[in-house]
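The following exercises concern a single protein chain.

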Amino acid sequence: MGEGFKAAVLAAGLLAGVSATSAASAAQVEAVSAARLLDVATGKYVDNPLVIVTDGRITSIGKKGDAVPAGAKLVDLPGATLLPGLIDMHTHIDGLAEVGGYNSLQYSDRFWSVVQVANARKTLDAGFTTIRNVGSADFDDVGLREAIDAGYVVGPRVVTATWAIGATGGHCDSTFFPPSMDQKGPYNIDSPDEARKVVRTLKKYGAQVIKICATGGVFSRGDEPGQQQLTYDEMHAVADEAHMAGLKVAAHAHGAAGIREAIKAGIDTIEHASLVDDEGIKLAVQHGTYFSMDIYNTDYTQAEGKKNGVLEDNLRKDRDIGEIQRQNFKKALKAGVKMIYGTDAGVYPHGDNAKQFAIMVRYGATPLQAIQTATITAAEALGQSKDVGQVAVGRYGDIIAVAGDPLADVTTLERPVFVMKGGDVVKQP
C-alpha cells in the first residue's frame, strides 16, 4: 500500500470522525401527530398520538399536546391514521409488468437496472418502506440496495435474493429460446452439491435471502405450475446451507407435491402456494412455515397481459390457477397458516402493491389480519421484528398515514397521504 493511499485513508477516517461527532451533537428529530395510531399487534387504536423519531428510530410515543423536543420538525396529520411502514415480501423490483413476453428483447440488459430506480420510488410512495426482492437478474437488486442505503436513490429497504435458483429447464431457467441461442439461468442446480455451492456463491455476492423455484410456473415456458422441479434432497441442501449462513429461504411453489416437499425440507416461506392440498396446509401449520400468496395480480394480468405482450399459454396457466389459489388462501388462512403479504410486483405495476389488501379481505381475512401480514408477521418472517413492522419505541421510524379508518375500509391503504422511512419524510400532504 502506497504512503499516499494510506494518508488518504487516514484523512478520510479523521473526517468521518468529525462528521460523526457533529451528527451526535445535532440529532435529527421528527415529530408526527395524527388522529389515531393503529397498534397492529392488538388491533386497538391509540387516539391523538405524538410519535417522536430521533436519528431514524422511534424514541417515544406520547399524546398530542405533549412537549415536542426543541428543534424537532412537527408534522400534524388531522383526521389521519398512523400505521407502520408496510412490507411486501415478494417483489421483482427490476421488472415491468407493462413489458411482457418477447417484448423485453427490445431493451438492453442494463435497461432493467435503470427502471428499477423509478420502481423503487413508486413502491416507497405507495407506503411500502421494506421489500423482499425474490429474484433479480444481474444482481440488480444488490446495486439498488447499496444505492438506497448510501443515499443516492430514494426507495424502500431492500432485502435481496439476487438470482433465483432453479433446475435445468425449470421455471427459473431461461426457457424461451432455441438451443442455438444457448440461453440458461446462471445458477441452475441439479444436485445437492451444486445447491450448496450456489447458495455460497449468491451469499458472497449480496444475497440476504435465498430464492428457489421448487415447481413449474405461470410465466415460464414448457412447464406447468403443478410440476415439481427440485428434489427434496436438493431443497434440503439449499435450506441447510442457507440456514448455516444465517439466511432464510423462499420457495416458488405452486404445485401440491412441491409445496409438501419444500416444507419438509425446511424452507421458510412458500411463495404462491396456489395448488396446495390439505396435507400441505397441515404441514405448514405444524412446521410454522409462512405462505406468501399473491392473490391480486391475476386481475391485472388477465385484463392487461395480452396488450403487454404476455403469451397466450402463460395467460392460460394464469386463468387456470387464479381462482383456485384464492380459494386455497381462504382455506389456509382459516386453518391457521401464517400468512405474509407478497404481491409479485413486477407481474403487475409497481406502486399498486396495496391493492391486494382488498382481495385478502374478500377471501376471508379481516382488515386487521390483512394488515398484520404486511407488518408484524412479515417482520417476523424476515427476522427483523426489532426493526420494522410496528410503530414502537426502538423500531425504525417507518411510518405511514392514511385518511380515515383502515379497519373499516382497507382500501384506504391504497392511498397513503404520508410516508416516512427512517425518520425521513418522503411523502406528505
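**Exercise 1.** Is Tyr-348 buried or exposed?

Solution. The model is a predicted one, in which local features need pLDDT of at least 70 and side-chain atom pairs count only at pLDDT 80 or more, while totals for chains, interfaces and linings use all residues. Residues are numbered from 1 along each chain as its sequence is written, and side-chain values use heavy atoms, with hydrogens and water left out.

Step 1. Buried means under 20% relative accessible area, exposed over 50%, and partly exposed in between (1.4 Å probe, protein chains only).
Step 2. Tyr-348 has a relative accessible area of 0% and is therefore buried.

**Exercise 2.** Describe the aromatic pair formed by Phe-139 and Tyr-187, and then the pair formed by Tyr-296 and Tyr-348.

Solution. Step 1. Rings of Phe, Tyr and Trp (its six-membered ring) pair if their centres lie within 6.5 Å; planes under 30 degrees apart count as stacked, over 60 as edge-to-face and the rest as tilted. The count by this rule is 11 aromatic pairs.
Step 1. For Phe-139 and Tyr-187, the ring centres are 6.3 Å apart and the planes stand at 80°, so this pair is edge-to-face.
Step 2. Phe-139 belongs to the loop between E7 and H3, and Tyr-187 to the loop between E8 and H4, so the pair ties together parts 48 residues apart in sequence. Helices (H or I, at least four residues) and strands (E, at least two) are DSSP runs, numbered from the N terminus.
Step 3. Tyr-187 is buried, at a relative accessible area of 16%.
Step 4. Tyr-296 and Tyr-348 are also edge-to-face, with 5.3 Å centre to centre and 90° between the planes. Tyr-296 lies in the loop between strand E12 (290–292) and helix H8 (297–308), and Tyr-348 in the loop between strand E13 (338–340) and helix H10 (356–362), 52 residues apart.
Step 5. Tyr-296 is buried, with a relative accessible area of 10%.
Step 6. Ring pairs also link Phe-139, Trp-163, Tyr-187 and Tyr-205 into a cluster.

**Exercise 3.** Which cysteines are joined by a disulfide?

Solution. Step 1. A disulfide is a pair of cysteine sulfur atoms within 2.5 Å, and the count by this rule is 1.
Step 1. The disulfide joins Cys-172 to Cys-213, with an S to S distance of 1.7 Å.
Step 2. Cys-172 is in the loop between strand E8 (157–160) and helix H4 (192–204), whereas Cys-213 is in strand E9 (residues 209–213), so the pair ties together parts 41 residues apart in sequence.
Step 3. Cys-213 is buried, at a relative accessible area of 1%.

**Exercise 4.** What is the order of the strands in the open sheet of 3 strands?

Solution. Step 1. Two strands pair if DSSP finds at least two bridges between them.
Step 1. The order is E6-E7-E8, with parallel pairing. Strand E6 (86–91) and E8 stand at the edges, each with a single partner strand, so one side of each has no neighbour in the sheet.
Step 2. Strand E7 (residues 128–133) is joined to E8 by 4 bridges, and Thr-130 has Arg-157 in E8 as its bridge partner.
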